[in-house]
Amino acid sequence: MRRSDPVVALYPGSFDPPTRGHEDIVRRGLRVADRIIVGVAGTSTHAKKGLFTVDERVALIREVFCDEERIVPLGFQGLLVDFARDQGATLIVRGLRAVSDFEYELQMAQMNQELWPEAETIFLVPEVRNSFVSSSLVREVARLGGDVSSFVSPPVLTAVRKKLGA
Ligand code: PNS
């Protein structure tokens, strides 16, 4: 990559569902990249009981960011670094909410560095009010009938309620 080339970043994750915390990180990502690909992984390191299919998550992220053409949601299968290389993304963005995230994030960043040394992982920090928000907690609270309206955007809230028949 030459310095004058546009910076393409990949923000990978499960996004099941995309939360306000994710949105915060994506918008921050645009401060360091010209374009940010939000990569919805078909294979996550954490096995979880999911809510939405990869295609549904991509469609939700597209709806949430319909005002911003520099944000490109895409699903991917297989290794993150292979997808990043295919997309010309040399920057991998991850959010760090708390110290407890760090061990897992460091391990992934170092593994990705071994697999493809040309990519750099950078960590961005969400606003304090988003720092406790996670997709897994949103899923759990919503499944148990709790109000998640302040943790996700309106289109995501509608989709969560519909999916859960609420
Ligand atoms: O939102 P998550 O579940 O914490 O995101 C984890 C994710 C999807 C970024 C990670 O599991 C991943 O990169 N999956 C793709 C497969 C892969 O490359 N695995 C090796 C990671 S070092």
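The sections below take up the pocket, the cavities, the aromatic pairs and the cores in turn.

## Basis

The structure is a predicted model.

## Largest pocket

The largest pocket has a volume of about 880 Å³. Its lining consists of 37 residues, and those nearest the centre of the pocket are Gly13, Ser14, Arg94, Tyr104 and Met108. By class, the lining of this pocket comprises 14 nonpolar, 17 polar and 6 charged residues.

At least two lining residues of the largest pocket come from each of β1 (8-13), α1, β4, α4 and α5 (135-143). Of these elements, α4 gives the most, with 8 residues.

## Cavities

The model holds 2 cavities of 30 Å³ or more. Pro12, Leu80, Ile92, Arg94, Glu105, Met108, Ala109, Asn112, Thr121 and Phe123 make up its lining. Three elements, β4 (91-95), α4 (99-115) and β5 (120-124), each provide at least two residues of the lining of the largest cavity. The largest share, 4 residues, belongs to α4. The lining of the largest cavity divides into 6 nonpolar, 2 polar and 2 charged residues.

The second largest cavity has a volume of about 40 Å³. It is lined by Phe15, Pro18, His22, Glu23, Val26, Val38, Ile61, Val64 and Phe65. Two or more of the lining residues of this second cavity come from α1 (20-29), and likewise from α2 (54-64). With 3 residues, α1 gives the most to this lining. The classes in the lining of the second largest cavity are 7 nonpolar, 1 polar and 1 charged.

## Aromatic pairs

There are 3 aromatic pairs in the model. One of them joins phenylalanine 76 and phenylalanine 83 in a stacked arrangement, with 4.6 Å centre to centre and 5 degrees between the planes. Phenylalanine 76 and phenylalanine 83 are both buried.

Another pair, phenylalanine 132 with phenylalanine 151, is edge-to-face, at 5.8 Å centre to centre and 85 degrees between the planes. Phenylalanine 132 is in the loop between β5 and α5, and phenylalanine 151 is in the loop between α5 and α6 (154-163), so this pair ties together parts 19 residues apart in sequence. Phenylalanine 132 counts as exposed because its relative accessibility is 51%, and the cut-off for exposed is over 50%. Phenylalanine 151, with a relative accessible area of 21%, is partly exposed.

## Nonpolar cores

The largest nonpolar core contains 32 residues, and Tyr11, Val26, Ile36, Val38, Ile71 and Val93 have the most contacts inside it. Each of β1, α1, β2 (35-41), α2, β4, α5 and α6 supplies at least two residues of this core. The element that gives the most to the core is α2, with 5 residues. Val26 and Val38, listed among the residues with the most contacts in the core, also line the second largest cavity.

Which residues does isoleucine 36 contact, leaving aside its neighbours within four places in sequence? They are Ala9, Tyr11, Val26, Gly29, Leu30, Arg70, Ile71, Val72 and Val93. A second, separate core has 13 residues, including Leu10, Ile37, Ala84 and Ala119.

Methods: Residues numbered from 1 in each chain as written. Predicted model: local features only at pLDDT ≥ 70, side-chain atom pairs only at ≥ 80, totals over all residues. Heavy atoms only, no water. 1 Å grid on protein atoms, 1.4 Å probe; cavity = no way out; pocket = protein on both sides within 12 Å on 5 of 7 lines; lining within 4 Å. Points joined across faces, edges and corners; volume = space filled by probe spheres on them. Nonpolar A, V, L, I, M, F, W, Y, C, P; charged D, E, K, R; others polar. Phe/Tyr/Trp six-rings, centres within 6.5 Å; stacked < 30°, edge-to-face > 60°. Buried < 20%, exposed > 50% of the residue type's maximum accessible area, 1.4 Å probe, protein only. Core = buried A, V, L, I, M, F, W, Y, C linked by side-chain atoms within 4.5 Å. Contact = heavy atoms within 4.5 Å.
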